[in-house]
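Hi,

Here is the structure I promised to pass on.

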Amino acid sequence: MEQKYILTLYEKRVKEEELPFFLGLMQHLATHGITCPQPIARKDGGFISEVVGKKAAIVSFITGKSRSVLRPEHCGGVGAVCAKLHVAAADFASTRENSLSLAGWKTLAAKIAPRLDEVQHGLQQLVQQELEFLEANWPQNLPGGVVHADLFPDNVFFLDDEVSGVIDFYFACSEAYAYDLAITLNSWCFDGRECNLTKAKQLVTHYQKHRPLNDAEKQAFPILLRGAALRFLLTRAHDLLHHENSALVTPKDPLEYVAKLKFHQMNTVKLA
């Protein structure tokens, strides 16, 4: 069978000095049982080249495609791969600070606060109150390591109903494992404004088959869900407010994550 490869040219989103971390992580995961793009080494052993003045790398092609309709069994599959990724990356030697942690949210919120009510009336107050709550209640010292941090449906490929691979590791960082699970639940387990508890149960149950959560993680999970919702609310609002009409990428709707944040403020998703 003919082997396919992907040539990636790195734009402003990815910092040049962080490329060794991302490519090294993919190489590590690919050799530890995670199906993901595997960097292809040059003859001199390096992974990073330069094409038309931009840093570039060639990675292996992953078979499959993302799903637009998400059923509970798909959520179970991504829960399992999330846990397997955490376990596989546990002995990865490099680290990367999460630039979009609580401190990053505060910086981003301060930048866009004067315009947040352009997105939705009252959003500036909602964000400020939520930041104050999270700063006072954010859990510390949870088990952690290198996580994906962006395990959205468009970054997980399927063949039929089985996960066939994971892509886009360029938000990967050192973080609490349960926070990564919270990001994943928020992105996979909502039907409109409501969390689908059947999907959530499948995701968490299959996660715990490969990496059981401890009591501290379970207790902290409702707060982590709120933080994960605020993180994407803020980045989406920023991208919307600073969007250039000439840009090829259409900003994603921050109101989706306003709804998710409000759900978590009013409801508790409990973990067995």
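Not counting residues up to four places away in sequence, H238 touches L108, K111 and I112, where contact means heavy atoms within 4.5 Å. Before going further, a word on the source: this is a predicted model, in which local features need pLDDT of at least 70 and side-chain atom pairs count only at pLDDT 80 or more, while totals for chains, interfaces and linings use all residues. Residues are numbered from 1 along each chain as its sequence is written, and side-chain values use heavy atoms, with hydrogens and water left out.

Back to H238, which lies in helix α8. (Helices are DSSP runs of H or I with at least four residues, strands are runs of E with at least two, and both are numbered from the N terminus.) H238 is buried, with a relative accessible area of 17%. The cut-offs there are under 20% for buried, over 50% for exposed and in between for partly exposed, with a 1.4 Å probe and protein chains only. H238 and L108 are 130 residues apart along the chain, yet their C-alpha atoms are separated by 7.7 Å.

R231 is in helix α8 too, and R231 is buried, at 5% relative accessible area. Leaving aside neighbours within four places in sequence, R231 is in contact with L100, W105, F171 and Y179. From R231 to G104 the C-alpha distance is 8.9 Å, although 127 residues separate them in sequence.

**The two sides of α3**

Which residues of helix α3 are buried? In this helix, residues 102–112, they are L102, G104, W105, L108, A109 and I112. Seen down the axis of α3, these buried residues fall within an arc of 150 degrees, so they line one face of the helix; the arc is taken from the directions from the helix axis to the C-beta atoms. On the other side, A103, T107, A110 and K111 are exposed. The cover over the buried residues of α3 includes α4 (116–119), α5 (123–137), α6 (177–188) and α8 (215–241).

**The largest pocket**

Rolling a probe the size of a water molecule over the atoms shows where empty space is left. The largest pocket holds about 1,700 Å³ of space. For the record, the search runs on a 1 Å grid over the protein atoms alone: a cavity is a set of points where a 1.4 Å probe fits but cannot get out, a pocket is an open set with protein on both sides within 12 Å along at least five of seven lines, and lining residues have an atom within 4 Å of a point. Grid points are joined across faces, edges and corners, and the volume is the space filled by probe spheres set on the points.

There are 41 residues lining the largest pocket, and the closest to its centre are R13, F171, T235, D239 and V249. At least two lining residues come from each of β1 (5–9), α3, α6 and α8, and α8 gives the most, with six. By type, the lining divides into 17 nonpolar, nine polar and 15 charged residues. Here Ala, Val, Leu, Ile, Met, Phe, Trp, Tyr, Cys and Pro count as nonpolar, Asp, Glu, Lys and Arg as charged, and the others, Gly among them, as polar.

**Salt bridges**

Side chains of opposite charge can pair when their charged atoms come close. With a salt bridge taken as a side-chain nitrogen of Lys or Arg within 4 Å of a carboxyl oxygen of Asp or Glu, the count comes to 16. One of them joins D161 and R67, with the closest N and O atoms 3.4 Å apart. D161 lies in the loop between β5 (156–159) and β6 (162–166) and R67 in the loop between β3 (54–60) and α2 (72–88), so the pair ties together parts that are 94 residues apart in sequence. Both ends are partly exposed, D161 at 33% and R67 at 23%.

R71 and E73 also meet in a salt bridge, 2.7 Å from N to O. In another, D191 pairs with K199 at 2.9 Å; D191 is partly exposed at 40% relative accessibility, whereas K199 is buried at 8%. Salt bridges that share partners join R67, R71, E73 and D161 into one network.

Cheers
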